[in-house]
Amino acid sequence: MIVATALVLMMTVPGLALFYAGMVRKKNVLATMAQSLAAVAVISILWAAFGYSLVFVGDGPWLGRLDRLFLAGMTMDSVNPAAKTIPEALFMLYQMTFAIITVALVAGSVADRMRFSAYLAFSIGWFLFVYIPLAHWVWGGGFLGAAGVLDFAGGLVVHLSAGTGGLVAAQVLGRRHGYGSENLSPFDLSLAVVGTGLLWVGWFGFNGGSALAANSRAVMAIIATHLAACAGALTWGGLEWAMRRKPSVLGMISGAVAGLGTITPASGFVAPWAGVVIGVIAGMVCFWACTWLKHRFRYDDSLDVFGVHGVGGLIGTLLTGVFASAAISGTSGLIEGNPHQLLLQLYGVAVTLGWSAGLTYVLLRLVSVFVPLRVSREHELVGLDISQHGEALQ
């Protein structure tokens, strides 16, 4: 679990930082990396201060308690009832890395145009009012988990919430200057490929570690995760090959991440073969969302956070209700004769969509009262590296 914790932290820095930086323009590389780095620093402190306590201490339907405020009362021997196999301090640290990457993911939707000070204020508010309640509702003894909604490692809590928040943020901030008329192609896709590799490896800790033990269920979750990523990459690349006669590197890494995000809620509940099926579905549906759907509604989700993570988290959560296997987790899905589980999954999706979208919009409007959300046109054209941080790649 200590290794799994390190792997999940690696997913944000350097994994997500490189993945995102490779897909923006050269003038915004450092600013994009700064957002991931800031998420690590800010959310870590807030999680230790009150986030962990509000999510995982107490089993109220809406929110936890503040018994562990600033980790008060956490001893060398204490154990959280939600993780009886490991020390409480390790469980706290492991869950911290999930909170970090969820907040960092949202930034991809508003890359190239959000003011750094506004991003910091928004991230703090989003963590407090979106992530903490959702994590408690699903994992901390709240009403969604109590109802029977399944989310092994974050289809709702991480991917759907971040993707939905990112889409709302992209709409509130508006499209980038030159979107649809100028070349906004990535600066260096080799960075994004390296970032994808780090995310892929880190996902073994993300999904496998969510078993909270070195056991067969953790291994099954890792196998399903890996196969889904492979299937997603091949499916997305194959669709591009068929439609455009060339499979792009960007398409293959997008497909891999789509497969990883989509299998996340299902990973500890389904057999390995279902991981392949879920990966293929992820590659097809997320490809559609990032091409046809995005162009149809002309929203500028810069790095396709909604198309990959939001849509992936949504369909993955629903497919958990289809493919869940009693042999793996003790819970059956639709194909094993339990259609009620699919309805529960739909319930979880609806709550997550509504909460993340509504609170994201309110928070952005609130932050805009105190600081402009978006950099000026001049600063956007110069680049956020120079305008926000006074640095630039040579």
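A salt bridge, as I use the words today, is a side-chain nitrogen of Lys or Arg within 4 Å of a carboxyl oxygen of Asp or Glu. Please keep in mind that this is a predicted model, in which local features need pLDDT of at least 70 and side-chain atom pairs count only at pLDDT 80 or more, while totals for chains, interfaces and linings use all residues. Residues are numbered from 1 along each chain as its sequence is written, and side-chain values use heavy atoms, with hydrogens and water left out.

Let me begin with the salt bridges, of which there are nine by this rule. R176 forms one with D300, and the closest N and O atoms of that pair are 2.8 Å apart. This pair links distant parts of the chain, since R176 lies in the loop between α6 and α7, whereas D300, 124 residues away, lies in the loop between α10 (272-297) and α11 (305-323). When I speak of helices I mean DSSP runs (H or I, at least four residues), numbered from the N terminus. Both R176 and D300 are buried, where buried means under 20% relative accessible area, exposed means over 50%, and partly exposed is in between, using a 1.4 Å probe and protein chains only. R176 and D300 also belong to a network of salt bridges that links them with R25, D112 and R113.

Now to the interior. In soluble globular proteins, nonpolar side chains tend to be buried together. By a nonpolar core I mean a set of buried Ala, Val, Leu, Ile, Met, Phe, Trp, Tyr and Cys residues joined through side-chain atoms within 4.5 Å. The largest such core here holds 113 residues, and those touching the most other members are F19, W47, M114, F127, Y131 and F206. If we take F127 and leave aside its neighbours within four places in sequence, its contacts (heavy atoms within 4.5 Å) are I43, L46, W47, F50, G51, A99, V103 and I132.

What space is left inside? On a 1 Å grid over the protein atoms alone, a cavity is a set of points where a 1.4 Å probe fits but cannot get out, a pocket is an open set with protein on both sides within 12 Å along at least five of seven lines, and lining residues have an atom within 4 Å of a point. Grid points are joined across faces, edges and corners, and a volume is the space filled by probe spheres set on the points.

Turning to the pockets, the largest has a volume of about 730 Å³, and of its 32 lining residues the closest to its centre are L250, C290, K294, S302 and D304. Helix α10 gives the most to this lining, with five residues, and the lining as a whole divides into 15 nonpolar, nine polar and eight charged. The second largest pocket has a volume of about 480 Å³, and its lining, to which α3 brings the largest share with four residues, has 13 nonpolar, five polar and two charged residues.

Finally, a few words on the backbone. Most residues other than glycine have a negative phi, and most peptide bonds are trans. V13 and P14 are joined by a cis peptide bond, with omega about 10 degrees, and P14 is found in helix α1. R245, in the loop between α8 and α9, has a positive phi near 70 degrees and is exposed at 73% relative accessible area. R298 has a positive phi too, of about 50 degrees, and is found in the loop between α10 and α11.

Definitions and conventions. Helices (H or I, at least four residues) and strands (E, at least two) are DSSP runs, numbered from the N terminus. Ala, Val, Leu, Ile, Met, Phe, Trp, Tyr, Cys and Pro count as nonpolar, Asp, Glu, Lys and Arg as charged, and the others, Gly among them, as polar.
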